[in-house]
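Student: I am new to this structure and would like a close look at a single part of it. Could you take me slowly through the sheet and what lies against it?

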Amino acid sequence: MNDYVHSADLRIAYDISGPPYGPPLEAVHGSPYYIHCWDGVLPHRHRAGCRFHPPYLRAVRATRCSCSYRPKTEQSRALGRDRGDDVDALELHDVIVSAHDWRARAGYVVNALFTDGISPLVPIAAG
């Protein structure tokens with residue numbers, strides 16, 4: 001894990017790899033997996049020039065919620081808002097969001113709510 005970004009509700013832990021100025025790819029891990037579910041994809045995305053931003057989701061590893069109302073950890077609405085906050089805090093533009101497993105629903109939420117700055121959504125095995 002390289003760094004943290006802070007939103008109004010979270011301290012989001014994330015890793016970052018790839019070319020420093022490549023197009024950003026926000027990769028949402030599935031459950032019960034961690035960001036390492038993307039390890040097999042990394043070499044291909046790096047060769048394509050992408051900058052890879054896989055965040056640890058709410059309550060996973062070092063990502064912590066500081067909000068008083070405590071939305072449920074797996075709520076698609078909360079996870080989608082977290083992704084939008086993450087993209088805003090990192091000042092990413094034209095970011096591609098890829099979401100794995102049933103957490104792909106969070107990708108649908110972020111794509112619907114944060115239309116500025118979010119490019120295509122790539123859901124994988126959405127349940």
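Tutor: What follows is a walk through the sheet, strand by strand, and then the helix beside it.

This is a predicted model, in which local features need pLDDT of at least 70 and side-chain atom pairs count only at pLDDT 80 or more, while totals for chains, interfaces and linings use all residues. Residues are numbered from 1 along each chain as its sequence is written, and side-chain values use heavy atoms, with hydrogens and water left out.

The part in question is an open sheet of three strands in the order S1-S2-S5, with antiparallel pairing. Strands (E, at least two residues) and helices (H or I, at least four residues) are DSSP runs numbered from the N terminus, and two strands count as paired if DSSP finds at least two bridges between them. S1 and S5 stand at the edges of this sheet, and each has a single partner strand, so one side of each is left without a neighbour in the sheet. Helix H2, which spans residues 76–89, packs on the sheet and touches S1 and S2, and its direction makes about 75 degrees with that of S2. Contact here means heavy atoms within 4.5 Å, and the angle, on a scale from 0 to 180 degrees, is taken between N-to-C directions of axes, which are lines fitted to C-alpha atoms, for helices over the stretch in contact.

Turning to the pairs of strands, S1 (residues 3–6) is joined to S2 by four bridges, and the two run antiparallel. They form a hairpin, with three residues between S1 and S2. Along this pairing, Asp3 stands opposite Tyr14 in S2, and Tyr4 stands opposite Ala13 in S2. In a regular strand the side chains alternate between the two faces of the sheet.

S2 is also joined to S5 (residues 64–65), in this case by two bridges, and these strands again run antiparallel. Here Leu10 has Cys65 in S5 as its bridge partner.

How enclosed is S2, which covers residues 10–14? Four of its five residues are buried, so S2 is largely enclosed by the rest of the structure. Buried means under 20% relative accessible area, whereas exposed means over 50% and partly exposed lies in between, with a 1.4 Å probe and protein chains only.

To gather the picture, S2 pairs with S1 through four bridges and with S5 through two, while H2 packs on the sheet and touches S1 and S2.
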